[in-house]
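Dear colleague,

Please find below the structure that I am handing over to you. My notes on what was found in it follow directly after.

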Amino acid sequence: MEDRLRVGVITSTHGVRGEVKVYPTTDDPERFLDLTRVYLVRNGHEIETEIQGVKFFKQVVILKFRGVESMNDAELYRNYEIWIDRKDGVALEENEYYIADLIGMEVCLEDGSHFGTLKDVMETGANDVYIVTTEDGKEVLLPAIEACVQSVSLEENRMIVHIMEGLLDG
């Protein structure tokens, strides 16, 4: 498991006072209100910083970092990812998982046979969709619903799935 979780990506500056627009990669953008310390990461370069202010505008979060006072200062952080320590993550409900913990997980069929590897999670309005790469390199989309996902074990890094009728057609 990763020690940190990605919660957003800085897309651009906002105004002239050093604020940045952030595309949230978390289910609940309001969680930024509870954060104080974050890590800005790009190309292996990491900066630990403090959030000084949070606002919301349409689908983005507007952040103000301590020490970033102008649009020119803020421009330096374009395309940086925002990460937090796992301990600062939102508490999960039963059968909820951080996407970072699912990526790379082995996906097995009900009989225990290997089906593929979970490559990514697509977030849709109704339910998430797991993108699984099979041994022959094909991508299969599996809905993250109880009828399809039988069990998830973070300890074993394995998910057991039931392939519903029609999922592998076409």
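**Findings**

Gln 52 is partly exposed, as its relative accessible area is 42%. This residue belongs to strand E4, which covers residues 45-57. Between the C-alpha atoms of Gln 52 and Thr 124 there is a separation of 32 Å, and the two residues stand 72 residues apart along the chain. Please bear in mind throughout that the model is predicted.

**Overall architecture**

The protein contains two helices and twelve strands. Read from the N terminus on, its elements follow the order β-β-β-β-β-α-β-α-β-β-β-β-β-β. The C-alpha trace spans about 60 × 30 × 30 Å along its principal axes. Of the 170 residues in the protein, 36% are buried.

**Salt bridges**

There are 13 salt bridges in the structure. Three of them are described here.

One of these is formed by the side chains of Arg 4 and Asp 85, at 3.5 Å from N to O. The pair links distant parts of the chain, with Arg 4 in strand E1 (residues 4-14) and Asp 85 in strand E6 (residues 81-85), 81 residues apart. Arg 4 has a relative accessibility of 23% and therefore counts as partly exposed, whereas Asp 85 is buried, with a relative accessible area of 13%.

Another salt bridge joins the side chains of Arg 86 and Asp 101, with an N to O distance of 2.6 Å. Here too distant parts of the chain are linked: Arg 86 sits in the loop between E6 and helix H2 (99-102), Asp 101 sits in helix H2, and the two are 15 residues apart. Arg 86 counts as partly exposed because its relative accessibility is 21%. Asp 101, by contrast, has a relative accessible area of 8% and is buried.

The side chains of Asp 88 and Lys 87 also meet in a salt bridge, at 3.4 Å from N to O. In this pair Asp 88 is partly exposed, with a relative accessible area of 28%, while Lys 87 is exposed, with a relative accessible area of 66%. Elsewhere, salt bridges that share partners connect Arg 4, Arg 37, Glu 46, Glu 48 and Asp 85 into one network.

**Aromatic pair**

What is the geometry of the rings of Tyr 77 and Tyr 80? The structure holds one aromatic pair. In it, the ring centres of Tyr 77 and Tyr 80 lie 5.6 Å apart and the ring planes stand at 65°, so the pair is edge-to-face; the cut-off for that class is an angle over 60 degrees. Tyr 77 is buried, with a relative accessible area of 17%. Tyr 80 is buried as well, and its relative accessible area is 6%. Both values fall in the buried class because that class takes residues under 20% relative accessible area.

**Surface charge**

Which residues gather in a patch of negative charge on the surface? They are Asp 27, Asp 28, Glu 30, Asp 34, Glu 93, Glu 96 and Glu 123. Asp 27 is located in the loop between strand E2 (19-24) and strand E3 (37-42). With a relative accessibility of 71%, Asp 27 counts as exposed.

With kind regards

Conventions: Residues are numbered from 1 along each chain as its sequence is written. This is a predicted model: local features need pLDDT of at least 70, side-chain atom pairs count only at pLDDT 80 or more; totals for chains, interfaces and linings use all residues. Side-chain values use heavy atoms; hydrogens and water are left out. Patches are made of residues with over 30% relative accessible area and no salt bridge: like charges are joined within 9 Å, nonpolar side chains (Val, Leu, Ile, Met, Phe, Trp, Tyr) within 5 Å. Accessible areas come from the Shrake-Rupley method with a 1.4 Å probe; for residues, only the protein chains shown count as cover. A salt bridge is a side-chain nitrogen of Lys or Arg within 4 Å of a carboxyl oxygen of Asp or Glu. Lys and Arg count as positive and Asp and Glu as negative; His and the chain ends are not counted. The place of a charge is taken as NZ of Lys, CZ of Arg, CG of Asp or CD of Glu. Helices (H or I, at least four residues) and strands (E, at least two) are DSSP runs, numbered from the N terminus. Buried means under 20% relative accessible area, exposed over 50%, partly exposed in between (1.4 Å probe, protein chains only). Rings of Phe, Tyr and Trp (its six-membered ring) pair if their centres lie within 6.5 Å; planes under 30 degrees apart count as stacked, over 60 as edge-to-face and the rest as tilted.
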